[in-house]
Amino acid sequence: MISQRPWQLRFWAALLIGLICTGALAAGNPDKPFAEKHVVLQISDPDPFKQTLVLNVAANLVKHYGPDKVDIEIVAFGPGLRLLLEENANAGRIDNLVDSASVRFSACENTLSKFTQNLGREPELNAHATHVSAGVVRILDLIDEGYTLIKP
Amino acid sequence: MPNTKTRLAVLIAAAGMAATAPVQAANWLILQGTEPAGAAERARLWGFIQPEFQYTEGTELEAGPFSGQDAIFNTIGPDRDASSQFNIRRARIGVRGQGFPLDSKTNYFFLVEAGNNGITKPGGGLGSLKLTDASVTFNHFDAARVRVGQFKTPGAEEGLKAIHVFDYVNFTSVTDGVLLERYIDADGSAPNDPNGPNGPVGAFRDIGVQLFQTFKRDGWEHSYAVMVGNGNGLARSDNNNEKDIYLYLSTEKIFGGKGARRQGWKGFVWYQQGDRTLTLAQGTDSTADDVEDDFERKRWGVGTTYLNGKYRAAAEYIVADGMIRNGTDGGAIPGALSNAGTSRASLNVLPEDEADGWYLDFGYKIRPDIELDIRYDRFNRATDTDAAERRFDTLTLGAQYFFNKKTRFIFNYEFREAEAPNLPNSAVPNQILDGMDDRISAQILAIF
């Protein structure tokens, strides 16, 4: 029987810790450890068709890469924030994307404040929406983390 | 004590409120005036045009006081000057949406007609642009949406459905006879008064307020509508203080799809009631000495529609009580002078008679872009008066070619027959009706 020397144990332990750290520091959502593609989708257009389009793009990415291999965040700001209003007709599709592929949705607080000012009350947002201070800043942060920006 | 109308209205509203959560799913009540929440434009421009050609042999009247003159049933409306013609049947343009994009609860729908038809040119009069729809819908309550303005009334399928997905060129005889209302001043009994229309045809629309909602449960969609309106046609005020009431209930098993061609199996019932003011002639013309009276106009019906894959079917039974349009004198064009020179043909109405009718309609898509259609309809007019009763039977063979989802070509051949069932074959009305020609029609429909 060959006994293991202490330096070999230290080497393997260091290598394992290094690999874990590398994985943790990679771009993306901790809920998507196997994601190979990291995509941020921008919706800021008033055209309702763009709402359908951005959801279609997300669904097509999931279909192509598989739900575990792609990490998607949809950032809504400006007129595009209407997508994330609670009453939006696309709420069912948003539910499906969250449930089936953990797609994330971010809502711009600056836009929400403007909506509140125009409406005279704060509109209810989709329960899946996460508040971010500014949609455009969120997009830049995600790009810094290695995400690819797509604006359908 | 509440009357029958009120009880029915309350019953229908209660049935709707008792159902489950409301949805935005499409049906005719929802499609024509309601927008998808949070996903509608401020103003979406849209419309459609329908150029067409219609043809009959132009057989002239074979008997009666106008023998040898044009038969109204063998001429093509709205002008009734020819038995074959090209025409722009409909040309409509409109905008719809939610004026304040952040408020999904308030929608609007606006549409005008520029074609050549009974809306713009009733009785062959001067044509002009006419408002057909101008409504605002409030979606603030789960139990009931509220629509105000001028819009399609809840009722028979042929009238309620969007005309740009209508599968034929012409309506069934019963729909044309008792539902597509013509507004006239008198009953037509004055011998020298043509009694022409005093405004556009009703176009299955009214001005008023409607409560309606659609509820979804286990793949079924249940809808109700209650409406009160003027009952005096398009884009004008009322001519009496009596208001029309409209009630509608439907339930539909949804198979899939969305929009105007959503697949499903629907059953529906409807009821309409109102009063019409009419002048009964006492002399040779409608004058101030004639008697003006209000007459009750009731319509109701029950029907079903089915659309699943290649197959399409529809059937409906319609009953009319009061204000039965009764053709023209001798089947002649209104205003025509009798051969004896003693009277002029007029539009006639039987204010206290009855009528009924039904249709069966089938369609089958032999290819994704070609549908074959067949429809049989019967219209029993003036069933309460033996001598006046007329029966119209029409078998329509049709084909539709879809260039794309928004453009199609429709071809129809109508085998038309009519008779006075309680009169001998040799009687003048039967001799006149024997001259009813078949009708050929071809139409392009382009939606933009």
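Start by selecting B:Trp265, which counts as partly exposed at 44% relative accessibility (buried is under 20% relative accessible area, exposed over 50%, partly exposed in between, with a 1.4 Å probe and protein chains only). This is a predicted model, in which local features need pLDDT of at least 70, side-chain atom pairs count only at pLDDT 80 or more, and totals for chains, interfaces and linings use all residues. Residues are numbered from 1 along each chain as its sequence is written, chains are lettered from A and ligands numbered from 1 in the order in which they are written, and side-chain values use heavy atoms, leaving out hydrogens and water.

B:Trp265 lies in strand β9 of chain B (strands are DSSP E runs of at least two residues, helices H or I runs of at least four, numbered from the N terminus).

Next, go inside to the largest nonpolar core, which has 50 residues (a core is a set of buried Ala, Val, Leu, Ile, Met, Phe, Trp, Tyr and Cys residues joined through side-chain atoms within 4.5 Å). Among those with the most contacts inside it are B:Leu61, B:Phe73 and B:Trp270. Strands β9 (263–280) and β11 (311–321) of chain B are among the elements that each supply at least two residues of this core.

Now pick B:Leu179: its contacts (heavy atoms within 4.5 Å) include B:Phe204, B:Trp270 and B:Ile318, leaving aside residues up to four places away in sequence.

Then move to chain A, where a second, separate core of 28 residues includes A:Leu41 and A:Ile94.

Finish at A:Glu145, in the loop between α5 (135–144) and β5 (148–150) of chain A. A:Glu145 and A:His38 are 107 residues apart in sequence and 9.2 Å apart in space, C-alpha to C-alpha.
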